[in-house]
Amino acid sequence: MGIEQSAITALMKSAISGGIIFCGIILFEGIKMFLTASGGIAVSNNIKGGLQSVHNIFKKAILNKGLLLVLLILLIFVPFALNNYYIDILTITGIYAILALGLNIVVGLAGLLDLGYIAFYAIGAYSYGILNTEFGIPFWPALLIGGLLAAFAGMFLGMITLRLRGDYLAIVTLGFLMIVHLILNNWDSLTHGPNGILGISSPSIGKFVFSEPIHFYYLILVISILAIFIINRINNSRIGRAWIAIREDEIAASAMGINVTTMKILAITLGASWAGVAGVFFAGRYSFISPESFTFLETVIVLSMVVLGGMGSIPGVILGAALLIILPEVLRGFQDYRMLVFGGAMVLMMVFRPQGLIGNPRRKIELMPVNRE
Amino acid sequence: MFLQQLINGFTLGAVYALIALGYTMVYGILELINFAHGEIYMLGAYITIISLSILTITGLTSKSLILSLLIVLIITTIISGAYGLTMERAAYRPLRHAPRLSPLISAIGVSIFLQNYVMLTQGSADKIFPHILPPGGLSMADVTLTYMQMFIIITSVFLMTALHTFIRKTRLGKAMRATAQDKKMASLVGIDIDTVIMVTFITGSALAAVAGFMVAMYYGLVNFYMGYVAGIKAFTAAVLGGIGNIQGAVFGGFLLGILESLGAAYISSEYKDAFAFIILILILIFKPTGLLGERVPEKV
């Protein structure tokens with residue numbers, strides 16, 4: 001009798017919450033209708049105006065070289081004012097910034113959707129984990145090897161799917177992540193399954209071993225600046241312009257003599273290599289890795305950073321990374337609702353502000369819905 | 001053993017085929033991979049659990065099992081159809097003329113949103129689905145076809161036939177085919193494209209939700225992330241048969257179900273979920289148009 005009773009209450013609870021889900025969806029629809037109705041347009045314009053002014057402030061700040069220098073100096077000296085916990089959060093922000101910069105090459109610059117991006121991060125982390133614990137290979141060569149292995153995996157997936165329509169890439173990479181996860185969990189002799197790999201050594205230079213959070217902070221700062229520099233250079237090169245052309249009109253681009261397939265494969269390869277580098281750093285920082293750190297949710301978080309910050313904009317995705325790591329830390333109660341908000345935000349951003357918080361103006365024109373029919 | 005695996009695979013395939021139909025129909029008309037489709041399947045499973053429990057409380061299930069199953073099916077179809085409709089209105093319609101990347105990202109957003117909504121409201125633990133069909137089934141030698149499998153196969157074949165008739169014989173079905181061929185031309189001859197797209201989403205969602213219902217009964221378990229793997233597999237089935245092709249999706253679904261079942265039995269059960277992916281890769285390398293699909297040149 002007791003079991004039945006509890007079953008019934010559980011079922012009633014689920015009935016009620018099911019109703020809530022449905023009402024939530026209806027409410028969402030209602031808000032949308034309100035926003036598109038005449039009265040709502042004013043409200044939505046106000047929101048848009050607010051976003052625009054935030055955008056303008058950031059844009060001015062970013063164009064100003066002096067301010068960039070101030071920011072850099074601030075980033076160098078800020079850890080002295082913080083305790084280890086906050087330094088660690090900044091380090092995590094750095095890891096995610098590199099991930100977001102890498103994904104930005106694929107999503108923002110080349111306009112392809114890569115949903116298995118975290119698989120490359122996992123490849124980087126596990127290649128250092130395995131190479132170090134089994135063969136004693138130190139951090140620095142592993143940084144290169146991890147990046148290269150991830151790049152090869154990206155190239156392989158790109159070569160299979162990118163001869164075809166770009167949409168397939170999304171689902172193939174998603175499947176790839178699923179497979180990587182299966183292997184990490186089941187190939188016990190190599191990956192130690194769900195238990196993960198323990199005791200990966202920290203990076204060192206000569207006698208100096210990176211051990212304090214602040215050491216890792218400076219290391220990730222250097223890697224991030226390197227990533228920003230390299231990606232910015234690529235973006236402003238022939239390759240970057242080819243990507244813009246492909247994004248805007250694939251057929252026209254190929255008529256102009258751009259090898260569309262090669263350029264797309266290059267984008268996913270370069271993106272994957274940065275994920276690999278970030279993965280090696282992650283393994284070196286925490287000296288412990290397990291499959292749990294490399295789930296689909298992580299991909300979603302990184303994708304949200306890119307979408308929120310502004311696809312194709314380097315300062316944008318860095319801002320996105322900073323916001324999405326630091327905000328949940330500040331708003332503790334928000335943690336449970338984080339993914340819900342990210343999902344909803346992705347839809348809202350696409351509908352109302354596809355270029356992101358700091359998008360580049362060219363991208364804004366591209367992303368405006370055009371009636372081609 | 002082999003025959004048993006074939007039957008199991010056929011049952012699984014029926015489910016994949018039902019989900020794949022929704023992918024292929026939406027893709028045929030909008031050229032959009034609807035990532036949230038797997039979530040509708042998951043929602044379908046939850047809606048059935050909820051409505052079935054309400055019926056149990058009213059005492060209907062103990063009086064007439066068939067009637068209550070029918071009612072549950074109807075409720076599931078209606079509610080999940082409403083979800084599909086809402087999804088299209090809120091997340092895809094505003095982006096119909098946007099570049100291809102925008103609706104894809106929006107679709108992922110919807111998928112994450114729904115998954116987490118269900119997790120927050122229903123809890124992250126697995127939910128147990130009550131055994132309502134009698135256990136056992138028809139046995140011959142050492143091969144058994146359970147009542148559950150019979151129910152799944154009969155229901156899906158019925159739904160597929162109904163869909164086929166709908167698309168082939170009715171006016172709306174004709175409009176759907178016309179829209180899939182050429183949206184602009186279809187609108188010029190007076191077809192309301194918006195209605196057609198709405199109907200496509202509603203039908204696709206209803207089919208996926210019924211699939212969710214049947215899987216929930218088959219495995220007896222429901223959780224909020226079940227749509228993720230099922231979505232990838234159903235998409236593989238759609239690509240296997242040739243995406244955009246309705247018969248192809250059904251064929252691909254059954255083929256994938258059987259291959260997976262045989263693979264799990266004879267090769268490795270740990271890597272069961274990997275077979276779909278390997279098949280997807282092989283198809284994309286060797287026959288990207290799918291088994292029944294035809295090559296469509298990209299339109300300018």
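In this predicted model, the axes of helix 5 (residues 117–135) and helix 6 (residues 139–161) of chain A approach within 8 Å and cross at roughly 140°. The two helices are therefore oblique to each other (under 35 degrees is roughly parallel, over 145 roughly antiparallel, 65 to 115 roughly perpendicular, the rest oblique). Their crossing is right-handed. Residues making the contact (C-beta atoms, placed from the backbone, within 7 Å) include A:Gly124 and A:Ser127 of helix 5 of chain A and A:Gly146 and A:Gly147 of helix 6 of chain A.

The helices (DSSP runs of H or I, at least four residues, numbered from the N terminus) discussed here are listed below.

| Helix | Residues |
|---|---|
| Helix 5, chain A | 117–135 |
| Helix 6, chain A | 139–161 |
| Helix 12, chain A | 260–286 |
| Helix 7, chain B | 171–181 |

Helix 12 of chain A spans 40 Å from first to last C-alpha, close to the 39 Å expected for its 27 residues (1.5 Å times one less than the number of residues). Of these 27 residues, 23 are buried, so helix 12 of chain A is largely enclosed by the rest of the structure (buried: 20 or more other C-beta atoms within 10 Å; exposed: 12 or fewer; partly exposed: in between). A:Ser287, with a positive phi near 50°, follows helix 12 of chain A.

B:Gly173 lies in helix 7 of chain B and is partly exposed because it has 18 C-beta neighbours inside 10 Å. B:Gly173 and B:Thr200, 27 residues apart in sequence, are 9.5 Å apart from C-alpha to C-alpha.

Residues are numbered from 1 along each chain as its sequence is written, and chains are lettered from A and ligands numbered from 1 in the order in which they are written. Local features need pLDDT of at least 70 and side-chain atom pairs count only at pLDDT 80 or more, whereas totals for chains, interfaces and linings use all residues.

Key
Axes fitted to C-alpha atoms, helices over the stretch in contact; angles between N-to-C directions. Left-handed = near helix turned anticlockwise from the far one by under 90°. Contact = placed C-beta atoms within 7 Å.
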